[in-house]
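User: Please take a close look at a single part of this model. I would like the helix packing worked through residue by residue, with the cut-offs stated.

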Amino acid sequence: MLRRDRVLRVGREGRHHLGALDKAGLPVARLPYSLKILLENLLRLEDGRTVRREDVEKLARWDPKKVPDEEIAFMPARVLMQDFTGVPAVVDLAAMRDAMARMGGNPKTVNPLLPAELVIDHSVIVDEFGTMTAFQVNAQKEFERNRERYALLRWAQQTFQGFRVVPPDTGIVHQVNLEYLARVVFTSDTQAYPDTLVGTDSHTTMINGLGVLGWGVGGIEAEAAMLGQPVSMLIPQVVGFRLTGRLAEGATATDLVLTVTQLLRKKGVVGKFVEFYGPGVATLPLADRATLGNMAPEYGATVGIFPVDQETLRYLEFTGRPPEQVRLVEAYMKEQGLFHTPDAPEPVYSDTLALDLGTVEPSLAGPRRPQDRVSLREVGKSFLEALPTLMKPTSTVAAPPPTNGRWEAEGGAVATAALAPAKRRTHVSLKLDGQECELRHGSVVIAAITSCTNTSNPSVMIAAGLLAKKAVERGLRSRPWVKTSLAPGSKVVTEYLDRAGLTPSLEQLRFHLVGYGCTTCIGNSGPLPEAVSAAIAEGELVTCAVLSGNRNFEGRIQQEVRANYLASPPLVVAYALAGRIDIDLHSQPLGTGKDGKPVYLRDIWPSAKEVDDVVRRSIKSAMFKKSYGEVFAGDERWNGLPVPKGDRFAWEPDSTYIRQAPYFDDMPETPGPITDIRGARVLCLLGDSITTDHISPAGSIRKTSPAGQYLVARGVEPLDFNSYGSRRGNHEVMVRGTFANVRLKNLLAPGTEGPVTVHLPDGEQMTIFDASVKYKAAGTPLIVLAGKEYGSGSSRDWA
């Protein structure tokens with residue numbers, strides 16, 4: 001019988017031991033790892049009501065080829081949240097307490113029954129960049145804008161039992177989860193069991209790289225889980241992804257995940273679990289595995305998981321987990337048959353596909369979707385092919401010629417091998433920092449090292465720093481029109497870049513620290529410099545963002561930027577140097593060095609050995625212990641916030657951030673019957689790949705939009721609009737922000753772009769929100785017609 005410190009036992013009389021099922025004639029030995037975790041969950045929680053014995057037997061006798069049609073109840077060990085989705089969840093819980101009091105109950109009974117942890121990471125905006133003060137300025141503005149939201153979260157932290165908040169300017173939720181919060185094996189007073197979770201963010205799957213089963217859900221599902229309601233799910237099919245070989249020189253984990261995303265989107269894994277296996281797994285450090293798990297939503301899977309193995313234990317120890325916790329993980333996983341070894345028999349899967357890691361090549365993905373991978377040498381050509389679909393027909397600037405021409409590498413001026421048509425100019429001129437520049441289609445105006453996907457991975461971060469160092473030594477600089485930023489997901493990143501001596505080089509290229517948060521990846525890229533913004537508008541230019549993020553959906557990154565590419569951190573630096581996307585980085589120079597000679601990417605790209613040497617020399621276990629030693633403490637701004645007192649939240653009647661949710665007003669004790677929809681009108685007629693960013697954007701709010709007009713009418717200046725994501729605690733803003741994506745194309749209103757529709761039957765063109773109000777007044781039900789992949793993307797209740 002397994003013991004922890006000779007005190008903690010697992011189960012009673014071994015009845016939660018997976019091996020007992022084998023002895024009972026249930027063949028679980030070759031079940032996929034992820035299903036064994038689910039099976040333990042059912043076995044432990046079997047009560048004859050929510051989980052029945054036949055549920056356990058159904059999963060134990062899993063048929064890999066069966067089309068999912070049988071439900072089970074999954075109860076996670078904990079709930080993880082970030083502030084964009086967590087604030088409306090807390091608003092709901094606070095409103096539930098009010099409703100409970102109105103109905104004569106005890107409001108204190110509305111309290112999480114599961115541990116819940118919320119990391120504030122989605123609210124910092126890149127207002128200032130390229131300066132030594134950028135971090136302090138952005139952090140101060142974040143607090144000024146979000147005082148009401150943060151006061152709500154502090155109230156929740158002190159009122160709800162088991163609810164903990166990681167304050168702002170600490171890190172990104174998934175990186176904090178990976179490096180600190182995740183237990184791998186959870187413990188209660190009498191038991192040890194696998195750490196599992198649901199999170200209010202689709203990239204919760206990043207923790208799958210650590211062998212922890214978890215995925216993103218909507219806030220309502222997370223609230224239900226917190227209040228003790230299990231997650232109802234179909235027994236899934238599991239696709240095995242076999243990895244062989246090892247990554248070649250020059251290829252990164254980013255290139256790998258973009259390749260995997262492309263392959264799995266083509267395969268079709270929506271609603272399925274993906275499990276990585278094969279000899280190539282042993283060659284991947286845990287940070288690479290976390291990168292692959294992170295982008296499960298992008299390749300369409302519910303999870304993308306790795307089993308626990310020796311590398312998992314190494315990572316736990318290195319990131320400062322207590323020695324007794326690491327010993328527990330090893331002992332528990334081995335006892336339960338959940339610990340992977342190279343000689344273990346391969347599990348049985350519903351389907352498989354394979355990848356030789358040695359075939360992965362440097363890549364980007366874009367300009368609209370993460371699955372649209374393109375090899376580095378083809379990026380320029382690919383952009384030019386996509387350009388006609390991105391350009392407005394009224395643009396006064398001609399498309400650039402093919403990338404096989406010669407391009408001047410200095411001062412932003414361009415010399416082309418072919419002349420542009422006489423009637424259309426080739427660029428828009430502007431002056432930046434006293435320098436004459438030229439902006440055109442394909443100019444990179446945002447280069448952002450951002451997102452948990454990549455900043456959690458030391459190899460690509462060190463590679464970015466080394467590339468910056470070599471570029472500076474050669475005399476290269478970022479182009480003046482490029483908005484550069486560095487937003488790590490953990491303070492550990494800052495410490496090891498400093499220790500490696502790479503921070504000064506990054507800063508010389510204007511990759512200064514701007515915040516510890518999602519920033520550009522979630523759409524908090526902030527405003528472009530006025531001159532750049534004006535030039536884009538004047539020429540109706542298709543400019544580009546290059547970011548080390550996980551999503552590049554239309555209208556997500558920055559509303560003025562029409563083409564967005566995902567790339568590894570070192571390639572982000574490279575494109576900041578080049579200043580344009582329509583370039584072949586294999587054959588064309590990034591710029592001219594101080595010796596007057598062209599400098600190519602190959603001249604400054606660090607070798608794998610260089611990167612590994614610096615990683616080993618610069619990253620220490622003590623950094624994690626120091627960084628996470630007081631992770632819940634917060635700074636003086638956080639601790640100085642005025643916090644409402646009492647068991648019920650004190651709503652501010654004039655707040656434009658936090659409004660009492662109306663969903664529980666006049667709520668009957670018994671819900672009414674569900675009725676048919678009759679006589680409905682179509683509000684939107686949409687094409688394929690309409691994501692949650694189209695349906696309920698998270699980024700900036702336009703002054704002319706219904707949400708912007710609502711805020712202006714309440715005395716909010718446009719500079720203080722913040723973002724849709726930060727306003728999710730106010731239903732009045734969010735209903736006005738539905739379908740507010742500036743790139744939305746509603747086929748009911750052909751030729752338009754943005755939240756526009758036609759009211760029927762009169763044919764009047766108006767905003768989608770205004771039309772919905774008019775239909776509601778007439779009592780007309782509404783439907784949305786859309787193509788495939790509708791609703792893919794983030795786990796957003798408002799979508």
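Predicted model: local features only at pLDDT ≥ 70, side-chain atom pairs only at ≥ 80, totals over all residues.

Analyst: Residues are numbered from 1 along each chain as its sequence is written, and side-chain values use heavy atoms, with hydrogens and water left out.

Start with the pair. Helix α16 spans residues 458–474, and helix α20 spans residues 569–578. Helices here are DSSP runs of H or I with at least four residues, strands are runs of E with at least two, and both are numbered from the N terminus. The axes of α16 and α20 come within 7 Å and cross at roughly 30 degrees. Each axis is a line fitted to C-alpha atoms over the stretch in contact, and angles run from 0 to 180 degrees between N-to-C directions. That makes α16 roughly parallel to α20. The label covers angles under 35 degrees; over 145 is roughly antiparallel, 65 to 115 roughly perpendicular, and the rest oblique.

Now the contact, meaning heavy atoms within 4.5 Å. From α16 come Val460, Met461, Ala463, Ala464, Leu467, Ala468 and Ala471. From α20 come Pro569, Pro570, Val573, Ala574 and Leu577. The residues of this contact divide into twelve nonpolar, no polar and no charged. Nonpolar means Ala, Val, Leu, Ile, Met, Phe, Trp, Tyr, Cys and Pro; charged means Asp, Glu, Lys and Arg; the others, Gly among them, are polar.

Val573 sits in helix α20. Its relative accessible area is 0%, so Val573 is buried. Buried means under 20% relative accessible area, exposed over 50%, and partly exposed in between, with a 1.4 Å probe and protein chains only. Not counting residues up to four places away in sequence, Val573 touches Ile449, Ala464, Leu467, Ala468, Leu509 and Phe511. Leu509 is 64 residues from Val573 along the chain, yet their C-alpha atoms are separated by 8.2 Å.

Next, helix α6. It has 13 residues, 147–159, and reaches 18 Å from first C-alpha to last, close to the 18 Å expected at 1.5 Å a residue. That expected span is 1.5 Å times one less than the number of residues. Ten of the 13 residues are buried, so α6 is largely enclosed by the rest of the structure. Among them are Tyr150, Leu153, Trp155 and Thr159. The buried residues of α6 pack against α4, β5, α5, β6 and α24.

Glu148 also belongs to α6. It counts as buried because its relative accessibility is 18%. Beyond four places in sequence, Glu148 touches Glu652, Ser655, Thr656, Tyr657 and Ile658.
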